[in-house]
Amino acid sequence: MELSVDPAAATPPYEQIREQIAERARTGELPTGLRLPTVRALAERLGLAAGTVARAYRELEADGVVETHGRRGTLIAATGDTAHRLAAAAATEYAERVHRLGVSRADALAAVETALRLAQEG
């Protein structure tokens with residue numbers, strides 16, 4: 001698995017790692033069950049601090065992209081189901097909150113579109 005980090009980029013190194021692994025898992029380039037390098041090994045290969053890679057792995061795990069299994073290591077999870085389930089849960093929570101706040105459907109959808117656009121730019 002080849003990853004690259006651009007130290008001059010505005011995006012932090014941990015986010016560059018997270019984005020690359022998440023995208024490759026989503027497309028199937030990194031198949032479900034594939035064991036990722038250890039934090040220490042990947043950090044050494046990329047010339048980064050272990051904490052940087054550990055943060056990327058933690059965020060990938062929180063997003064359901066990878067699963068950590070102790071001595072078996074960090075594996076690519078079945079992301080489709082997990083990612084969709086997490087997105088649906090977040091959408092439900094958002095919908096309930098804007099309903100409680102009395103925000104119109106049009107305003108709520110506009111807020112989501114703005115947030116998605118900003119997230120893609122960021």
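I'll start with the ground rules and then go from the fold to the pocket.

This is a predicted model, where local features need pLDDT of at least 70, side-chain atom pairs count only at pLDDT 80 or more, and totals for chains, interfaces and linings use all residues. Residues are numbered from 1 along each chain as its sequence is written, and side-chain values use heavy atoms, with hydrogens and water left out.

The fold, then. The protein chain has 5 helices and 2 strands. Helices (H or I, at least four residues) and strands (E, at least two) are DSSP runs, numbered from the N terminus. The order from that end is α-α-α-β-β-α-α. The C-alpha trace spans about 50 × 35 × 25 Å along its principal axes.

Now helix packing. Axes here are lines fitted to C-alpha atoms, for helices over the stretch in contact, and angles run from 0 to 180 degrees between N-to-C directions.

Take α2 (residues 39-46) and α3 (residues 50-62). They pack at about 120 degrees, axes 8 Å apart. That makes α2 and α3 oblique to each other. Oblique is what remains once angles under 35 degrees count as roughly parallel, over 145 as roughly antiparallel, and 65 to 115 as roughly perpendicular. Who touches whom? Val 39, Leu 42 and Ala 43 of α2 meet Ala 50, Val 53, Ala 54 and Tyr 57 of α3. Contact means heavy atoms within 4.5 Å. By class, that contact of α2 with α3 has 7 nonpolar, no polar and no charged residues. Nonpolar covers Ala, Val, Leu, Ile, Met, Phe, Trp, Tyr, Cys and Pro; charged is Asp, Glu, Lys and Arg; the others, Gly among them, are polar.

Next, α1 (residues 13-27) against α3. The angle is about 45 degrees, with the axes 8 Å apart. So α1 and α3 are oblique too. Residues from α1 in this contact include Tyr 14, Arg 18 and Ile 21, and those from α3 include Val 53, Tyr 57 and Glu 59. By class, the contact of α1 with α3 has 9 nonpolar, 1 polar and 4 charged residues.

Last, the largest pocket. How much space lies in it? About 430 Å³. A pocket is an open set of points on a 1 Å grid over the protein atoms alone, where a 1.4 Å probe fits, with protein on both sides within 12 Å along at least five of seven lines; lining residues have an atom within 4 Å of a point. Volume is the space filled by probe spheres set on the points, which are joined across faces, edges and corners. Among the lining residues are Leu 86, Tyr 94, Val 112 and Gln 120. The elements giving two or more lining residues are α4 (79-101) and α5 (105-121). The largest share, 6 residues, comes from α5.
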